[in-house]
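Work through the exercises below with the coordinates open. Each task is followed by a stepwise solution.

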Amino acid sequence: MPAPEGHPPYNTNGEGGRPRRYSTQDIETYADELVAWMKEESRFWFKDFCLERDIDPDLMSIWAKENERFSGAYKLAKGLQESRIFKGGMFEAFNSGMSKFALMNCHGWA
């Protein structure tokens, strides 16, 4: 969209769009924090990680596509999540129906 009449043109230096809220350094710091957070056995729900840090949970999948380091941390965390939900359901630490629901919707189990 062009600038309003009388206003200097937008995007003169190749910049464009909304400014990034999180730098690469920020994303990689969150990657390290996610791995450390997931090492505690009682933690397995990513939304809790995000809520504790005031992060939009949808950003995690976006960052995993954009940043290689975050992608590795996210894959590790998803593996830990799947394992904990499965074991919790199997040993009746969690409700088995809810575990089944989570594994089907979050990990593609059929």
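This is a predicted model: local features need pLDDT of at least 70, side-chain atom pairs count only at pLDDT 80 or more; totals for chains, interfaces and linings use all residues.

**Exercise 1.** Which residues of H5 are buried, and which are exposed?

Solution. Step 1: take buried as under 20% relative accessible area and exposed as over 50%. Step 2: Ser99, Ala102, Leu103 and His107 of H5 are buried. Step 3: seen down the helix axis, the buried residues of H5 fall within an arc of 100°, so they line one face. Step 4: Met98, Lys100 and Asn105 are exposed on the other side of H5. Step 5: helix H4 (68-90) is included in what covers the buried residues of H5.

**Exercise 2.** Describe what is found at the start of H5 and just after H5.

Solution. Step 1: at the start, a side-chain oxygen of Asn95 comes within 2.8 Å of the backbone nitrogen of Gly97. Step 2: just after H5, Gly108 has a positive phi of about 75°.

**Exercise 3.** Which residues have the most contacts inside the largest nonpolar core, and which helix supplies its largest share?

Solution. Step 1: this core has 19 residues, and Leu34, Phe49, Met60, Trp63 and Phe70 have the most contacts inside it. Step 2: helix H1 (24-38), helix H2 (46-52), helix H3 (59-66) and H4 each supply at least two core residues. Step 3: H1 gives the largest share, 6 residues. Step 4: leaving out residues up to four places away in sequence, the residues touched by Leu34 include Phe49, Met60 and Phe70.

Note on methods. Residues are numbered from 1 along each chain as its sequence is written. Side-chain values use heavy atoms; hydrogens and water are left out. Buried means under 20% relative accessible area, exposed over 50%, partly exposed in between (1.4 Å probe, protein chains only). Helices (H or I, at least four residues) and strands (E, at least two) are DSSP runs, numbered from the N terminus. The arc is that of the directions from the helix axis to the C-beta atoms. Contact means heavy atoms within 4.5 Å. A polar contact is a pair of N or O atoms within 3.5 Å; within protein, one must be able to donate a hydrogen and the other to accept it, and residues adjacent in sequence count only if both atoms are side-chain atoms. A nonpolar core is a set of buried Ala, Val, Leu, Ile, Met, Phe, Trp, Tyr and Cys residues joined through side-chain atoms within 4.5 Å.
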